[in-house]
Structure formats: C-alpha cells, structure tokens
Amino acid sequence: MNRRSTAGILLAAASLSLVAVFVGVPAVRAQQAKHPVYVGTKVCATCHEGKAAGNQYSHWLASKHARAYAALALPEAVTMAQLSGIPDPPEKAPVCLGCHATAAEAESWERDPTFVLEEGVQCEKCHGPGSEYASEAVMKDPEAARKAGLRVFTKRDCVVCHYVKGSHAAVHKLPQIDVEKAWAELAHPVPKGSHVEKAKATAPPPPPGPAAGKAGPRYVGARACEACHHGPAMGHQGSLWRLSAHARAYAALSTPAAAEIARKEGAGDPQTSPSCLKCHTTSGLEPAGGAEPSFSVFEGVGCEACHGPGSDYRTEAVMREPKAAAKAGLKPVGAKTCLPCHARAHGKPFDAASAMRKTAHPKRREAPKAAPRGTKGGTAPGAAGAAPAAFDIGLGLDVVYKTPVNLAFRPGGREVWVACEASGTVVVVDALRRVKVAEVVSGGQPADVTFSPDGSRAYVSNRLDDTVSVFDAAKRTRTATVAVGDEPHGLLTDAPGKTLYVLNTSSEDVSVVDTATLTETKRLSASRYPWSLALSPDGTRIAVTNALSRLVGFREPSLSEVTVIDTATATVVKRARVPEANLLLGVSWHPSGEFALFTLNRTKNLVPMTRILQGWTITNGLGVLWKDGRVDQVLLDEPHGYFADVNDVAFTPDGEYALATSSSTDRVAVVDAARLVALLKSTPDEERAEVLPNHLGASAGFVVAHVPTRENPRGVTVSPDGKTAWVANALDDSLTVIDLASLPAATRVDLGGPKVVTRVRRGERLFNSARIAFQRQFSCHTCHPDGHVDGLTYDIEADGIGVSPVDNRTLRGIYDTDPFKWEGTNPSLARQCGARLAVFFTRVDPFTKDELEAVNDYTVTIPRPPNRHRPLGAELTPAQRRGKVLFERSTTVDGREIPVDNRCVTCHFPPYFTDRTVRDVGTKYRFDRQGKLDVPHLNNIYDSAPYLHNGMAPTLEEIWTRFNPYDRHGVTNDMTKDQLNDLIEYLKTL
C-alpha cells in the first residue's frame with residue numbers, strides 16, 4: 001500500500017487483545033518486501049477512538065506513556081542522565097530516548113510526516129511501524145497483519161525498559177514496577193460485540209473541529225507551536241504543556257467519570273457533545289476561521305486555546321516582535337482567560353492565581369530549592385519555580401569543577417595557560433604573581449594546550465568535541481575552531497609553526513593541520529590511543545606516546561609503541577617497540593636531543609593477581625627512547641613505596657633534571673638525568689633488557705627528591721628560565737609550583753574552582769588514589785584510565801589461579817547494566833568494589849561504607865562520549881543501514897527462521913543493547929571454568945578492543961570469523977564477507 005494512505009487503519013482484530021505497554025525495543029522485525037515506516041498515533045486514532053473502539057486512543061493519551069518524552073524535560077531526568085554519565089540533554093540522548101520515545105533510533109525517512117516523536121511511547125513502540133499493516137483489509141486477517149509487521153508483544157517486552165535502574169531509583173525512589181498489575185491497568189481491548197471487534201465497521205467520524213468558512217485566523221495545532229517552543233532555551237514549554245492536564249483534556253472525556261457528568265447534564269457522549277468539547281478542546285470557545293491539517297481536537301486544550309488561533313502569528317519573524325504578534329492575533333493570557341471554562345466547572349472551586357502558577361511556562365525559570373536526598377523538593381513540574389536544572393539528591397551534580405589536566409607556558413614566560421577538562425575552559429595564570437588572571441571558554445573537555453612559536457596563538461584540543469580551538473593569545477579570544485579526529489588529546493606545532501600535529505586518541509591517528517589555512521592536510525596512522533607528543537630540540541622529530549598496547553595474541557604480553565614523525569615530510573619514520581609495557585602517556589626530549597623520556601606502566605597481567613603481595617603485578621616507570629631508536633625501561637617505584645600512575649614528564653632547560661608526576665600518590669619525582677644515563681650505560685646489555693625494567697630498587701640511584709603536590713597531579717611543565725616546575729593538580733583545581741633551587745619547596749596556585757567537595761568529587765579522588773592498594777601500587781584509574789579500559793586481560797584468582805582470564809571492561813555508561821563481572825555474579829557496583837576488591841585486588845582494608853558510596857557515585861557518572869560513527873541525529877550510511885537489517889533479522893539468507901534466542905537483537909536490544917542476563921554463546925575457551933557469561937552492553941563498542949570475555953578477539957570481525965563456528969553467537973556463517981562488514985559498521989553506531 002502507499003505508506004501515506006493512512007485512512008481506515010484498524011489496529012485490532014478478533015483474535016488480538018491489545019495492551020499498550022512501555023517497551024524498550026521492538027521485537028525482531030519480520031523480513032518484509034517493503035520497509036515499514038512509522039505513521040504516528042493520529043493515524044491509529046482514526047479507527048481506535050470512540051466507544052465502539054473502546055476509546056483506545058484516549059486510553060493511551062491519558063497514560064504516562066504519552067508523556068514519556070515530555071518527562072525528559074524535568075529536573076529529575078537531568079539528574080538521572082548525569083548519574084548515567086550522559087553528557088547530552090535527556091531529550092537528545094539516545095539512551096534516554098530509547099525508552100522514552102518511539103522510533104528515536106529510526107532515520108528521518110522511516111517516519112511519516114504524520115509521526116510526532118514528542119508523543120512519547122505510542123502505539124507503534126509496541127506494535128511496530130504501521131505503514132504496511134495500516135489498511136483494514138490487512139488488519140482483518142491476523143496472519144496478514146503479522147506478516148505486514150504488526151507485532152504481538154509479551155510481558156518480557158515491558159521489562160526491557162521497566163527493570164529497576166539505579167540511576168532512576170536514586171532519584172524517584174519508586175519500587176520496581178509490577179508488570180502483572182501494569183499489564184491489567186494498561187489493557188485496552190476492543191469491547192466484545194462491537195463493530196470494531198468484528199472488524200466490519202469503518203472508522204467513526206472525528207469529533208467536531210473549528211467551524212469551516214468563518215473568516216479569521218486558523219488553528220494550526222500545538223505541534224506547530226512546539227516546533228519553536230521546545231528545549232532548554234525555551235524553558236521546555238512544549239513538554240510542560242504535554243505534562244499538563246490541559247493536554248489530556250479531550251482524553252478525560254472518555255472516562256466513566258466524564259460519562260456520569262454528561263449523563264447528569266443530559267449532554268450525551270462527552271467526546272462528541274459540543275457542551276463538553278467547548279472546554280475540553282482548543283477550538284471549543286472560538287471556532288475561528290477553520291483549521292490547518294496540523295491541528296487536531298485530540299490535543300485537548302492546546303496553546304491556541306489561550307493565545308488564539310496561530311496561523312497569522314506563528315512565524316518566528318512575527319513572534320520576535322510583540323506588537324506584530326499581537327496584531328496578528330496573539331492574545332495576552334490572564335486569569336480572565338481561564339474563567340469561562342474553570343469558573344464553577346462541575347461545581348468545583350477554582351483559584352485562578354494558583355492555577356496560573358501551576359501552568360506557567362516562562363522561557364527562563366529559577367532553579368528549584370535544594371531538597372534532602374531522596375525527597376522531591378522544589379515546586380511542581382510546570383510551576384514558576386521549577387527549572388530544567390538537575391534535581392538535587394545530595395551529590396552536588398551541578399557543581400562544576402575546573403579539573404586542570406595539562407598546562408603550557410606562553411612563549412616569553414609571563415603566562416601559564418591551563419586546560420581545564422571539567423569546566424570546558426582555559427585558565428590563564430600570571431607566572432610572576434602566581435595568580436589566575438583570566439578564564440576563557442574552549443570547548444568540551446579541553447585536554448591539552450600549546451602555542452605557536454611566536455606566542456601569538458594558543459591551540460587547545462577539545463576531547464569531547466573532536467576539535468581544536470584557536471585563540472588570539474594576546475586578546476585571549478577564540479578566533480577559530482578546527483575539526484580533527486576522534487577525542488583529540490596532545491598537540492603541538494613544528495619549529496616554524498607552520499604545521500600543527502594533533503593526536504586523536506579514539507580514531508588512533510594524527511591530524512596534520514596547516515596553521516595558515518587551519519585545514520587538515522593529512523592523517524598519519526598512530527598506534528592505540530596516541531596521547532602525548534614532544535618535539536626534538538633540533539625540530540626534526542616528534543615522539544608520540546600511545547596509551548594502549550598494540551593488539552597482541554591471546555595470553556601474550558603487551559607490546560606498546562612510541563611513534564616517531566619526521567617533521568620535514570610529516571610522515572611516520574619509526575615505530576619504536578616497548579615490550580611488556582602499557583599506558584605510555586607523557587613524553588619529553590632531553591635538551592641534548594640524544595634521548596627522550598616517556599612515562600609507562602609495566603602491568604604483569606599474565607600472572608595471577610596474587611603477585612600483588614610479591615610487589616610486581618603493576619609497576620610504574622620511565623622509558624628511554626634513544627636517538628637511534630633503541631628503548632630502555634626503568635622503574636620509579638621503591639620496594640615499599642610505589643610511584644603509581646606516572647602521568648607526565650618534563651625536562652629542565654639545562655637537562656639536569658626530569659620531573660615526573662604520579663597522579664595516584666600525589667607526588668613529583670625529580671630525576672637526575674645524568675645519573676639515569678650513567679646507570680643505563682654501565683649496565684650489561686642482558687641486565688639492561690631483563691633486570692632494570694623490573695628492578696624496584698634502581699630508582700634510588702637517580703631519583704633525588706619527591707615533592708608532594710595536591711590531589712591528582714597530571715601535566716607538568718618547566719618555566720623557560722628553569723627555576724620552577726608547574727604541576728596541574730586535577731582534583732584540587734590548583735597548580736603546584738616547585739622551586740627547583742630549593743627542593744622540595746612548593747607553593748599552591750588556586751584556579752578558582754568550587755571549595756565544596758561533593759560526594760562525586762570525593763569518589764573521584766578515591767578512584768584516583770593508590771592508597772587503596774598494598775604498598776600504593778595502583779589505583780582504580782590504573783586499570784580504568786579515564787574510566788575506560790587499559791586493553792588488557794587479567795587473571796583474578798577468585799575463580800582459581802590461572803582459570804578464567806577476563807578482559808577489562810569499560811566503566812563508561814556502566815550504570816543500569818548490572819549484573820557485573822563477566823560471569824554476572826555481582827548484582828551491584830557496591831558488591832563489585834567493596835570487600836571483593838580488597839580481597840582479590842588491593843590486599844588492604846576495603847573502602848569504608850561512606851567511601852564505597854562515594855566511589856559508586858563517581859563511577860556511575862563517568863561520562864560516556866558521543867558515538868563517533870553516528871553523531872546524534874545523523875542518517876545511517878548505506879553500509880550501516882544494511883547492517884541494521886542483518887542485526888534485526890529473523891531469517892537467514894536462504895529463508896530459514898532464526899530461533900528467537902539466537903537473534904542479535906534478542907540479547908542486545910536498545911538503548912543499552914544488553915538484556916542483563918547470562919548466556920552461553922559457545923565462546924568458552926581453554927582456561928575458562930564455565931560458558932555462561934554476562935551479556936555486555938554494546939554502546940560505543942568500537943572503542944573497547946579486544947573483545948569477548950577473555951579478550952581473545954582483537955577485532956569485532958574476529959568474534960564471528962574465528963570464534964562462532966557453530967552459529968551459537970548469532971547466525972553469521974551464512975553471511976558473505978561484505979554482509980559481515982556491513983554488520984560491523986552498524987554495530988559501531990550503537
């Protein structure tokens with residue numbers, strides 16, 4: 001049928017009892033010759049409204065499902081999103097929309113013009129897109145309707161979205177939904193014996209609308225107003241109306257209470273009675289000059305009921321001019337506007353002033369007053385005091401810290417510019433007075449800062465935005481924004497300043513930018529997670545560290561890389577191997593140019609974690625990259641005092657000292673460069689390669705001082721005159737300035753962050769502190785840098801030494817994906833990070849109850865970055881679109897039906913793409929004690945290689961080309977190579 005032919009839809013058949021439920025993902029679409037599209041509730045209502053149809057449309061309209069999208073505008077929703085690490089507004093976040101809207105994941109061409117996303121969880125959320133089963137002829141035959149896409153769902157489908165979510169329960173404190181009770185309450189069967197139940201009658205006539213032919217402006221409908229009056233900039237006015245009783249005024253006429261009132265007043269059917277519709281619909285009081293197709297009486301009391309028919313004033317140009325809008329028919333609203341309908345309505349008292357406050361919807365609203373944790377404070381939704389800010393549950397989620405991560409001296413030495421990740425700003429500090437003098441907005445999560453050689457420009461990488469901000473350094477104003485790769489981090493220019501090199505951590509490449517035109521000229525391939533870079537003193541080479549190990553074989557030691565770039569040709573000329581090391585972060589060249597130092601971890605992930613007691617499971621140190629490409633490694637640890645999470649390194653101008661930061665022990669190590677070189681050169685080659693990299697006592701020979709800092713020191717730089725070293729204390733919003741002539745003297749520079757330490761901030765400090773581990777060997781951050789992964793597989797002896805090695809999993813977006821561990825044995829993060837952590841990992845006293853709660857509060861708020869393979873609102877590519885069909889398919893290429901439990905979407909349904917169960921998909925491998933494993937979520941799956949429970953699949957492709965021989969992990973052996981590639985392209989969009 002023509003998908004735009006929407007009249008005559010019948011959504012019920014004699015054998016179907018329909019129940020409107022809130023589901024998180026459709027059941028698998030049957031493969032069809034035509035691709036169905038979403039047509040919207042108004043189309044369903046053409047048949048499914050009125051007594052004969054059981055007032056099914058009104059039943060839905062009065063439900064919370066119809067208000068599900070609008071609820072995302074509430075402060076509570078903002079808090080829930082923050083608790084889930086979602087950086088986008090809830091109304092834009094795919095994870096939120098996955099349960100609060102219909103067809104949010106669909107492309108624009110899959111939505112008919114009659115479909116409205118803002119109508120929340122509507123008919124087609126449960127029954128599937130309706131274009132192909134819309135006709136009465138199809139719906140008379142249940143089998144034909146099913147084949148055309150009509151889905152019959154189960155109670156399990158309700159649980160998809162209605163399982164207990166910690167992020168929600170922490171805010172609304174509601175118990176788990178009783179599915180049986182909800183199923184009964186939301187049932188909307190067609191009355192027995194009705195003409196619809198018998199599938200014979202045509203659609204009932206629509207309720208009377210505006211009088212046609214009358215002169216004057218026409219009604220355009222609330223949806224037309226909502227096109228502009230939505231989102232935080234407009235105070236979420238459209239959503240506030242949808243949340244109000246006005247939006248349900250027409251639906252209220254279908255209730256038994258309305259029928260009784262109408263009976264007493266002799267009005268007949270309330271939904272067709274002019275006396276009832278007069279106050280329960282927009283057009284009741286003022287017939288106006290007709291209505292445009294966008295108008296529907298089903299909207300109840302919409303915007304135009306108060307403000308007048310909007311055909312002449314709805315355009316933005318008119319609305320921006322109050323006098324012009326008034327002349328075009330926009331009416332002022334006051335208490336008198338309400339009285340014709342509300343004064344003595346059905347004998348109920350009416351307080352106009354109170355009603356006006358409850359229905360107020362200004363563009364700007366004051367923040368609600370703080371409420372005790374677990375209580376609903378502030379004012380009612382839609383009230384004048386309500387605000388779309390976060391709902392206060394005692395965690396301080398609205399407190400914005402600076403979180404300085406990297407810093408650089410502006411040429412000339414008078415200013416230090418500091419990239420502040422949490423505030424999205426760059427703080428400028430006067431280096432002589434050691435005070436903050438300015439703060440400028442950069443972008444999402446600034447990560448690093450560098451300057452042009454003459455100091456006229458500053459360049460700042462914005463990791464969340466995939467951009468570099470360009471500043472006029474003298475004026476401290478942003479002059480340009482340059483798009484680069486995914487999640488840019490380190491950056492610098494070549495010696496002449498003609499070329500800017502930007503390291504893109506997620507896309508694992510290097511953007512080469514022409515600074516004259518500010519255009520990217522090429523991309524260079526790095527290793528995994530390129531992090532920092534340093535220019536050799538002669539300007540000919542750039543050394544690039546890579547945070548993650550290369551992908552290695554199963555149960556093989558890590559192998560990392562320092563990538564070397566020739567600046568004359570902007571090409572990679574060396575890939576220096578760094579065996580058995582990972583987390584290569586900071587890097588700096590010695591002024592002689594003979595070598596560069598870089599930071600590293602040596603994680604012995606192939607030995608059981610019992611070795612923590614022997615002191616060498618995770619060690620921390622420096623790598624030495626010699627000019628000829630050779631690499632040495634030494635440790636900064638001491639036998640009873642480790643230098644955990646070594647983060648950055650910088651040389652003094654004379655080359656005497658190198659300063660390295662330990663972000664988890666809050667110290668800076670001062671390394672005597674000459675002593676370090678002497679030690680290396682005096683050590684026999686075999687010991688240099690095998691002993692020194694693991695020698696815990698060697699650092700005593702070249703570390704001459706440890707300087708305490710404030711919480712979580714990250715970036716370090718040295719002043720051009722060599723007198724001071726400056727350190728960014730990420731979790732103290734400060735800098736530590738070290739006097740190099742009188743070690744270990746240091747002073748603190750305040751960057752102006754909030755003074756309060758919130759629960760989340762405290763948890764972040766604990767997460768990044770090595771005091772939780774035996775001899776301060778590591779922190780939570782060590783295995784989960786930036787809350788993500790270190791790319792390694794570990795042997796945790798809780799299940800036996802050498803048994804069940806497990807791949808490290810990301811903490812980004814971990815909330816609401818329980819249970820935890822690959823075997824699914826931990827029901828909560830508190831169980832995961834409590835006593836178990838102390839027994840099997842840290843080997844010291846566990847977190848206290850308060851500490852554990854703080855760590856949990858931080859962990860769940862670790863932000864998940866936006867998907868780089870499908871930006872918000874983007875259409876799918878042809879390959880991704882083909883892959884989506886494969887992901888959702890129910891039959892094989894040759895037409896055989898795939899069992900429901902072996903379909904991809906059964907276990908991995910949106911918005912989290914996990915059903916939170918344990919399943920055996922045939923991936924049990926040697927050393928594994930069982931095959932049943934937790935179903936992982938797939939959000940941003942492209943960014944967390946290797947894959948499978950033990951990391952044996954280096955790439956997504958190998959999950960199915962090597963490790964699914966019997967089609968137990970989805971049916972994939974019938975796919976061609978191109979089809980499998982398409983499936984992978986779609987998976988990357990999740």
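How many disulfides does a search of the whole structure find? Please go through them, and through the cysteines left out of them.

Modeller: This is a predicted model, in which local features need pLDDT of at least 70 and side-chain atom pairs count only at pLDDT 80 or more, while totals for chains, interfaces and linings use all residues. Residues are numbered from 1 along each chain as its sequence is written, and side-chain values use heavy atoms, with hydrogens and water left out.

The search of the whole structure finds two disulfides, a disulfide being a pair of cysteine sulfur atoms within 2.5 Å. In general terms, such a link is a covalent bond between the sulfur atoms of two cysteines.

One of the two joins cysteine 99 to cysteine 161, with the sulfur atoms 1.9 Å apart. The torsion about their S-S bond is about -90°, so this disulfide is left-handed. The pair connects distant parts of the chain, 62 residues apart: cysteine 99 belongs to helix α4 (residues 94-100) and cysteine 161 to helix α8 (residues 155-162). Helices here are DSSP runs (H or I, at least four residues), numbered from the N terminus. Cysteine 99 and cysteine 161 are both buried; buried means under 20% relative accessible area, exposed over 50%, and partly exposed in between, with a 1.4 Å probe and protein chains only.

The other disulfide is between cysteine 279 and cysteine 341, with an S to S distance of 2.2 Å. This link is left-handed, with -95° about the S-S bond. Here, too, distant parts of the chain are linked, 62 residues apart, with cysteine 279 in helix α15 (residues 274-280) and cysteine 341 in helix α19 (residues 335-342). Cysteine 279 has 25% relative accessibility and therefore counts as partly exposed. Cysteine 341, with a relative accessible area of 19%, is buried. When the bonded cysteines of the protein are numbered in sequence order, the pairing reads 1-2, 3-4.

Cysteine 276 is in no disulfide, and the nearest cysteine sulfur to it, that of cysteine 279, lies 9.3 Å away. The relative accessible area of cysteine 276 is 14%, so cysteine 276 is buried. Cysteine 338 is likewise in no disulfide; its nearest cysteine sulfur is that of cysteine 306, at 6.3 Å. Cysteine 338 has 15% relative accessibility and so counts as buried.

Notes:
Helices (H or I, at least four residues) and strands (E, at least two) are DSSP runs, numbered from the N terminus.
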